[in-house]
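Work through the exercises below with the sequence and the model open. Each task is followed by a solution in steps.

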Amino acid sequence: MEEKYKALLLDHQLCFPLYACARETIKLYKPYLDELDLTYTQYITMMVLWERGSVSVKELGEALYLDSGTLTPLLKKMEAKGLLTRRRSTEDERSLIVTLTEAGRDLRDRAVDVPAKMSRCVALEPAEALELYRLLYKLLKQNSTEA
């Protein structure tokens, strides 16, 4: 292979193992999330809402690294399931506030074991997992400030 094309080898790409690991990890979540009737994106949305209770769509997008074009249909589906409500802010009508419903809060009790179940699927030592977490967030923060 010519030297100038070696940079195009799949094995030379950092983005590919990140992408493939993310897809494989989400696949591992699927059976646990199916029991909750949630997709992975709905699950991480619920995690933010369980933590904060109520949040603007803008803040939710920032927390999840998702744009409003992705969030709007997602939140509509979750509202139809009765997990959350969406309403305009009284302080700023341009801002849409997302709030957990009682059903959304109750779902947390059914989801509480998901992280422990998933931790058994990751074949890393605790120190390795912590280092990977640190490095991934370093990349996220770097890339989000450059965007």
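**Exercise 1. The sheet**

In what order do the three strands form the open sheet, and is the pairing parallel or antiparallel?

Solution. 
The model is a predicted one, in which local features need pLDDT of at least 70 and side-chain atom pairs count only at pLDDT 80 or more, while totals for chains, interfaces and linings use all residues. Residues are numbered from 1 along each chain as its sequence is written, and side-chain values use heavy atoms, with hydrogens and water left out.

Step 1. The strand order is β1-β3-β2, and the pairing is antiparallel. Helices (H or I, at least four residues) and strands (E, at least two) are DSSP runs numbered from the N terminus, and two strands pair if DSSP finds at least two bridges between them.

Step 2. β1 (54-56) and β2 (84-88) are the edge strands, each pairing on one side only. From one strand to the next, the twist averages 25°.

Step 3. Count the bridges. β2 is joined to β3 (residues 96-100) by five bridges, with R87 partnered by I97 of β3. Three bridges link β1 and β3, again antiparallel, and here V55 has V98 of β3 as its bridge partner.

Step 4. Check the burial of β3. Four of its five residues are buried, where buried means under 20% relative accessible area, exposed over 50%, and partly exposed in between (1.4 Å probe, protein chains only).

**Exercise 2. A helix across the sheet**

Which strands does helix α3 lie across, and at about what angle does α3 run to β1?

Solution. 
Step 1. Helix α3 (residues 57-64) lies across β1 and β3, and its direction is at about 90° to β1. Axes are lines fitted to C-alpha atoms, for helices over the stretch in contact, and angles run from 0 to 180 degrees between N-to-C directions.

Step 2. Take V57, a residue of α3. V57 is buried, because its relative accessible area is 14%. Apart from neighbours within four places in sequence, V57 is in contact (heavy atoms within 4.5 Å) with L71, L75, L96 and V98.

Step 3. V57 and V112 are 55 residues apart along the chain, and their C-alpha atoms are separated by 24 Å.

**Exercise 3. Positive phi**

Where is D37 found, and what is its phi near?

Solution. 
Step 1. Most residues other than glycine have a negative phi.

Step 2. D37 is in the loop between α1 and α2, and its phi is near 60°, a positive value in a residue other than glycine. D37 is exposed, because its relative accessible area is 52%.

Step 3. Y65, in the loop between α3 and α4 (68-80), has a positive phi near 60°. At 39% relative accessible area, Y65 is partly exposed.

**Exercise 4. The largest pocket**

How many residues line the largest pocket, and which lie nearest its centre?

Solution. 
Step 1. The lining has 37 residues, with T25, Y40, Y133, L136 and Y137 nearest the centre.

Step 2. α1 (15-36), α2, α3, α6 (114-119) and α7 (126-146) each supply at least two lining residues. The largest share, nine residues, comes from α1.

Step 3. On a 1 Å grid over the protein atoms alone, a pocket is an open set of points where a 1.4 Å probe fits, with protein on both sides within 12 Å along at least five of seven lines; lining residues have an atom within 4 Å of a point.
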